[in-house]
Amino acid sequence: MELQQEQRTMLWTLTMHAHDAASERPILNDPYAAELLARVDDPPDLGLSLGGNTPLICARAKLIDDIARGWLARHDEAVVLHLGCGLDSRVLRLDPGPGVQWFDVDQEPVIDLRRRLYPELRTAVAADVTDPASFDLFPADLPRLVLAEGLLMYLDPAGVDATVHGAMTRGSTLVADTVAPWVTWVAGLQPAMRAADTGFASSTADLARVAPRLVDELSLVDATATRTGGRTSTAVRLFALVPHARNAMVLQTYERA
């Protein structure tokens, strides 16, 4: 099964989760990543460029897990849309209760692979998140949590608009990471991104224009610095001192009334 462009990035994320879990000081400590990665044909070699992002990516996943876990503790009956789920084991890590309807949503080639690697799960749905009609597949009469990790920056502004408005029903919550405008340009210089023929197409400004009320924002640079130690933590803290660097990537929570 051949993955195209940004679809390949899910294998990068899975590999980072596995490497983190095997490290002396794990951040996410995903108990499923290594076993799943072992079942993937031709897993990626992250190299120095991508491998250096492991603490950031795992800090992001950890924060989203924590936010989602807290939200689920307040909602016994709810719908969770995990958009751009890739091969993430989040539904297993969080183990939602019987009143929660969880949907792992991604493009068809990704969902085909996910179903092969997670045959025990019945949560996967193939859908185009930029098509508003896709969201007719999901219940709209329950509190809804929308998780969009590592997704929105790959969509153009029109795609961000369509996804946010399609996913967010009344009373829903969106948790999404997004990048500063200058990061969209810098990311395009990364060899792995160019080799995958992909890149960032939108930024924090594009999300802010179309999303409802912002209720929280966390710097993922700060989150990485506080969850690492030694040289890594020092390097990240120094990077945060550069103007505009601290908010290079942020995790935002929005609510629709």
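Ground rules first. The model is predicted, so local features need pLDDT of at least 70, side-chain atom pairs count only at pLDDT 80 or more, and totals for chains, interfaces and linings use all residues. Numbering runs from 1 along each chain as its sequence is written, and side-chain values use heavy atoms, with hydrogens and water left out.

Start with the core. Nonpolar side chains tend to be buried together in soluble globular proteins. A nonpolar core here is a set of buried Ala, Val, Leu, Ile, Met, Phe, Trp, Tyr and Cys residues joined through side-chain atoms within 4.5 Å. Buried means under 20% relative accessible area, exposed over 50%, partly exposed in between, with a 1.4 Å probe and protein chains only. The largest core has 48 residues, and Leu87 and Leu147 touch the most other members. Helix H4, residues 54-73, is the top contributor, with eight residues. Helices are DSSP runs of H or I, at least four residues; strands are runs of E, at least two; both are numbered from the N terminus. Another core lies apart from this one, with 26 residues, including Leu81 and Val129.

What does Leu87 touch, beyond residues up to four places away in sequence? Contact means heavy atoms within 4.5 Å. The partners are Met10, Leu11, Leu14, Leu36, Leu113, Arg114, Leu117 and Tyr118.

Two of those names return at the cavity: Arg114 and Tyr118 line it, with Arg115, Leu121, Thr123 and Ala124. On a 1 Å grid over the protein atoms alone, a cavity is a set of points where a 1.4 Å probe fits but cannot get out; lining residues have an atom within 4 Å of a point.

Now the aromatics. Rings of Phe, Tyr and Trp (its six-membered ring) pair if their centres lie within 6.5 Å; planes under 30 degrees apart are stacked, over 60 edge-to-face, the rest tilted. That gives three pairs. Phe103 and Phe138 have ring centres 5.0 Å apart and planes at 55°, so they are tilted. Phe103 sits in strand E2 (100-106) and Phe138 in the loop between strands E3 (124-126) and E4 (144-148), so the pair ties together parts 35 residues apart in sequence. Both are buried. With Phe135, they form one aromatic cluster.

Last, the backbone. Most residues other than glycine have a negative phi. Asn29 has a positive phi of about 55°. Asn29 is in the loop between helices H1 (9-21) and H2 (33-38). His244 has a positive phi of about 75°. At 66% relative accessible area, His244 is exposed.

Definitions and conventions:
On a 1 Å grid over the protein atoms alone, a cavity is a set of points where a 1.4 Å probe fits but cannot get out, and a pocket is an open set with protein on both sides within 12 Å along at least five of seven lines; lining residues have an atom within 4 Å of a point.
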